[in-house]
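Me: I am new to reading protein structures. Please walk me through this one.
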Amino acid sequence: MIFQDNVIKEYLKNVYFITGTPCGGKTTISRELAKRHNLLVYDFDEEFANHRKISNSVFQPSMNKVFKDADEFFGRTVEEYKEWLINNTREQLDFVVVDLIRLSQNKTVLCDCHLTVEEAEKYTEASRIVFLIKEPSNLIEDYCNRPDHQGFSDFINSASDIERAKATCNTVLKTLNEKRYHDIKSSNYLWIERTKHSKVDETVRRVEQHFGLVHKDFSTDILEIRKVDKDTDCT
């Protein structure tokens, strides 16, 4: 069964999406927003194991692909690795949409996910999504140093050639996200770029205002615009 975009958007009208590129701050900002506004956080990555259990290898082959160890996982070519990641996310998205429709019927849901600009156009309105981005170079160290990604860090460090595994992963993340990064920056969606100058409170406040979770303070906006112009931190 194929649903038209307007039908999906109607059933997801109680969902706010925080998406973007790796290490852009999606998890940090979504958790802080949820704490401040008593929202339910739905984490795309955390639900993978549950979705895999109810998936089918015929219809979701990438989700069901098994690797014997880190050497086999990171030993793929960049193109093979990238294609698997793209297909894996696409296959899981069907499960995610069904979950969000169910969960958001009686409550507001904040979805920490991996939507592209094209997918955003299909699933939601511009007022209910924000893209948090980071320039996609040398991401793997940041990724592995996060407490919530300790399992991945342990896995990549179990490879026979750790530096080669990290280099492969870095190349995959860079090639996969370069176009997305530029597509987001040239889109009409709100995007906020994470840099060494970024502050969590400032980013949270901008997302709150965009989502209409707080009243907009125009005097503060003027100060913020001046600061952004000075630091060239984000759009």
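Me: Among contacts in the protein chain between residues at least 6 apart in sequence, what percentage join residues at least 24 apart?
Reply: Contact means heavy atoms within 4.5 Å. Here, 77% of those contacts join residues at least 24 apart. A word on the source: this is a predicted model, where local features need pLDDT of at least 70, side-chain atom pairs count only at pLDDT 80 or more, and totals for chains, interfaces and linings use all residues. Residues are numbered from 1 along each chain as its sequence is written, and side-chain values use heavy atoms, leaving out hydrogens and water.

Me: Where do nonpolar side chains tend to be in soluble globular proteins?
Reply: They tend to be buried together. Buried means under 20% relative accessible area, exposed over 50%, partly exposed in between (1.4 Å probe, protein chains only).

Me: Which residues does Leu100 touch?
Reply: Leave out residues up to four places away in sequence. Then Leu100 touches Leu12, Val15, Phe17, Tyr42, Val109 and Cys111.

Me: Is Ile18 buried or exposed?
Reply: Ile18 counts as buried because its relative accessibility is 0%. Its contacts beyond four places in sequence include Leu33, Cys113 and Phe211. The C-alpha atoms of Ile18 and Val207 are separated by 9.1 Å, though the two residues are 189 apart along the chain.

Me: How much of the whole chain counts as buried?
Reply: Of its 235 residues, 44% do.
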